[in-house]
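User: Can you walk me through this structure? I am new to this.

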Amino acid sequence: MQTSSRTRRVYSVYQVNEYAKSILQGDPLLRDISVRGEVSNLKRHSSGHVYFSIKDSEALLRCAFFRQDAMRSNVALKDGLEIVARGYITIYGRDGSYQMVVNSVSASGSGALFELFEKLKNKLAMEGLFDPAHKKPIPGFVKRIAVVTSPTGAVIRDIERVAKARYRGIELILLPVSVQGEGAANEIAKAIKKAGKMDVDVVIAGRGGGSMEDLWAFNEEVVARAIYECEKPVISAVGHETDFTIADFVADRRASTPSNAAEICVADVNSLLMQIGEMKYRSERALKYSIDTRRERIARLLDRPVMSDPKAFLRVLREKLGQIQGRNEAAFKLNCDKKRQSLLVLLEKAKALSPSGVLERGYAIITKNGAQAGDASKLNAGDEIEITLKNGQKNAVIKE
């Protein structure tokens with residue numbers, strides 16, 4: 001039965017999108033689903049949300065990875081990375097776009113290796129295996145090197161070629177190991193431990209370039225700990241300049257290539273000889289300059305009068321000394337006379353102000369009962385007093 005246009009219900013766009021959204025989110029399969037694909041069109045919003053698409057050879061699915069979930073993820077998303085995204089399928093109501101809201105991400109394929117790499121790297125970093133304080137210095141002049149690598153690869157030949165060109169007397173000791181495949185990591189770790197107990201100056205562990213899978217033996221924990229515990233300095237020389245492994249972070253020094261490892265630890269004898277020659281030339285010039293300078297100073301000293309006639313020079317000095325001595329004696333005598341005259345003046349003043357000086361001028365000192373009687377109001381008729389004069393003392397009685 002057909003429904004007339006008057007009775008047909010009309011829906012808003014929002015209602016349609018919300019209905020479709022409820023259908024998708026109500027589906028048990030789409031409510032919690034994992035999808036494998038390659039990341040593309042990756043965009044990081046300032047809010048912390050991450051938007052990208054995952055695609056395969058036949059289709060593409062838009063994804064939204066919201067800030068709270070994205071911050072918990074240990075996978076470094078980038079375009080081209082193969083991942084497995086887990087979440088639910090929904091419709092973004094505003095524009096009706098079909099998308100997946102991602103709750104978590106795990107790496108797939110080479111991406112899974114990268115995730116393992118980051119996990120081990122963070123673990124060892126927390127334990128302090130990458131701490132620069134634990135790095136051993138490379139000796140200044142290396143004579144013996146233990147090389148842990150494949151006996152058939154180009155690595156040992158490159159190291160030998162560069163090392164011999166820099167110093168013919170260098171001794172290389174090869175510790176042959178497998179550098180990839182099952183059991184390679186254990187072989188490498190065992191060889192590094194052995195090298196640490198040998199009479200060598202430094203250990204080089206490395207291999208040529210390759211994929212992450214090819215280099216994986218140098219990302220194993222057993223190799224990292226063997227390098228960290230090695231008694232001798234270890235140089236990691238794995239792959240090319242752009243390749244990084246866990247061994248690079250633990251090693252005492254990273255070389256961009258195996259050839260660079262030889263350059264790092266083997267002194268360039270020709271360069272050293274040139275430096276020695278330059279130092280010798282500079283030392284000789286400095287010595288000659290020093291000798292010439294001192295010779296000129298000696299010549300100037302010899303030209304002085306004292307050197308040509310020392311006795312005459314001493315006579316002049318003696319005369320100057322006599323003059324200085326005479327001036328000093330005269331000054332001393334004059335100063336003594338002035339001081340003596342000043343002292344006599346002071347003595348005269350002191351004598352004039354003394355009690356005996358007062359008596360000499362005709363004054364007398366009156367005392368009563370041994371105390372000076374300087375106030376007439378304190379003397380009464382009949383009081384006995386003592387009068388001290390210039391040439392003696394008399395007793396008297398106050399009459400009135």
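**Strands and a serine**

Analyst: Lys-55 stands opposite Leu-60 in β3. Strands here are DSSP runs of E, at least two residues, and helices are runs of H or I, at least four residues, both numbered from the N terminus. This is a predicted model: local features need pLDDT of at least 70, side-chain atom pairs count only at pLDDT 80 or more, and totals for chains, interfaces and linings use all residues. Residues are numbered from 1 along each chain as its sequence is written, and side-chain values use heavy atoms, leaving out hydrogens and water.

User: How many bridges join β2 to β3?

Analyst: There are 6, between β2 (residues 50-55) and β3 (residues 60-65), which run antiparallel. Two strands pair if DSSP finds at least two bridges between them. Val-50 has Phe-65 in β3 as its bridge partner, and a hairpin of 4 residues connects β2 to β3.

User: In which sense do β3 and β5 pair?

Analyst: Parallel, over 2 bridges. Ala-64 is bridged to Val-101 in β5.

User: In what order do the strands close into a barrel?

Analyst: The order of the 5 strands is β1-β2-β3-β5-β4, with mixed pairing.

User: New topic. Where is Ser-150?

Analyst: Ser-150 is in the loop between β6 (144-149) and α5 (154-166).

User: Why does Ser-150 count as buried?

Analyst: Because its relative accessibility is 14%. Buried means under 20% relative accessible area, exposed over 50%, and partly exposed in between, with a 1.4 Å probe and protein chains only.

User: What does Ser-150 touch?

Analyst: Leaving aside residues up to four places away in sequence, Ser-150 touches Ile-156, Val-177 and Val-179. Contact means heavy atoms within 4.5 Å.
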